[in-house]
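Let's take a walk through this protein together, one neighbourhood at a time. Keep the sequence and the 3D view open as you read.

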Amino acid sequence: QVQLVESGGGLVQAGGSLRLSCAASASGRTLGLGWFRQTPGKEREFVAAISRSGGSTYYADSVIGRFTISRDNAKNTVYLQMNNVKPEDTAVYYCAAGLTSTTPNTYNYWGQGTQVTVSS
C-alpha cells in the first residue's frame with residue numbers, strides 16, 4: 001500500500017503561482033507519480049507525470065510552459081509548481097502513484113485531493 005497526502009492548494013489570482021506537494025509513504029519511491037485534476041461533472045484530467053527516477057516527465061498540452069513536476073525521492077515527495085495560473089486551472093488536484101502514464105487507470109494509489117481556485 002502507498003499513502004499519498006497532498007498539500008499546498010488554495011486561492012490564487014490569475015497570473016500567480018502555487019506549489020502543490022504530495023508526500024508518499026516510503027514505497028512510493030518505486031513508482032511513477034502523477035498529478036490529475038477534476039472539476040464537477042467532468043472526468044479526471046491528466047496534468048503531469050514523472051517517472052520513478054525523475055528522468056522523464058510528461059505534461060498536458062494545456063500546462064506546458066507553465067507547470068513543472070519534480071520529485072525528491074529522499075523525501076518521498078512529488079511537487080507541482082504552477083506558474084502563470086489561469087481561471088481554467090481551477091479544480092481539485094489529485095496526486096497518484098503507479099505506472100507512469102497520462103491515463104488515470106494505470107495508477108493504483110490516489111491522494112484525497114487538494115482544491116486549487118484561481119480568481120480572475
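Start with Arg66, which is buried because its relative accessible area is 8% (buried means under 20% relative accessible area, exposed over 50%, and partly exposed in between, with a 1.4 Å probe and protein chains only). Before going on, note that this is a predicted model, where local features need pLDDT of at least 70, side-chain atom pairs count only at pLDDT 80 or more, and totals for chains, interfaces and linings use all residues. Residues are numbered from 1 along each chain as its sequence is written, and side-chain values use heavy atoms, with hydrogens and water left out.

**Around Arg66**

Where is Arg66 found? Look in the loop between strand S6 (57–59) and strand S7 (67–72). Strands here are DSSP runs of E with at least two residues, numbered from the N terminus. A polar atom of the Arg66 side chain lies 2.9 Å from the backbone oxygen of Ser62. Leaving aside residues up to four places away in sequence, Arg66 touches Gln81, Met82, Asn83, Asn84, Val85, Lys86 and Asp89 (contact means heavy atoms within 4.5 Å).

Now hop over to Gln81, one of those contacts. Gln81 is found in strand S8 and is partly exposed, with a relative accessible area of 25%. Its side chain is joined to that of Asn83 by a polar contact of 2.9 Å. A polar contact is a pair of N or O atoms within 3.5 Å; within protein, one must be able to donate a hydrogen and the other to accept it, and residues adjacent in sequence count only if both atoms are side-chain atoms. Gln81 and Arg19 are 62 residues apart in sequence, yet their C-alpha atoms are 4.5 Å apart in space. Again not counting residues up to four places away in sequence, Gln81 touches Ser17, Leu18, Arg19, Arg66, Phe67 and Thr68.

**The strands**

S8 belongs to an open sheet of four strands, in the order S1-S3-S8-S7, with antiparallel pairing. Strand S1 (4–7) and S7 stand at the edges with a single partner strand each, so one side of each has no neighbour in the sheet. From one strand to the next, the twist averages 15° (axes are lines fitted to C-alpha atoms, and angles run from 0 to 180 degrees between N-to-C directions). S1 runs antiparallel to strand S3 (residues 18–24), and four bridges join them. Two strands pair if DSSP finds at least two bridges between them. Glu6 has Cys22 in S3 as its bridge partner.

Strand S4 (residues 32–38) is another one to find. Six of its seven residues are buried, making it mostly covered. Seven bridges join S4 to S9 in the antiparallel sense, with Gln38 opposite Val92 in S9. S4 also pairs antiparallel with strand S5 (residues 45–50), over five bridges, and here Gly34 stands opposite Ala49. S4 and S5 form a hairpin with six residues between them, and Gly41 in the turn has a positive phi of about 85°.

Most residues other than glycine have a negative phi.

**Rings and charges**

How many aromatic pairs does a search of the whole structure find? It finds four. Rings of Phe, Tyr and Trp (its six-membered ring) pair if their centres lie within 6.5 Å; planes under 30 degrees apart count as stacked, over 60 as edge-to-face and the rest as tilted. The ring centres of Tyr107 and Trp110 are 6.3 Å apart and their planes are at 65°, so this pair is edge-to-face. Tyr107 is buried at 5% relative accessible area, whereas Trp110 is partly exposed at 27%. Ring pairs link Phe36, Phe46, Tyr107 and Trp110 into a cluster.

The charged end of Arg44 sits over the ring of Trp110, 4.7 Å from its centre. Arg44 also lies over the face of Tyr94, at 3.8 Å from the ring centre. A charge sits over a ring if NZ of Lys or CZ of Arg is within 6 Å of the ring centre and within 35 degrees of the ring normal.
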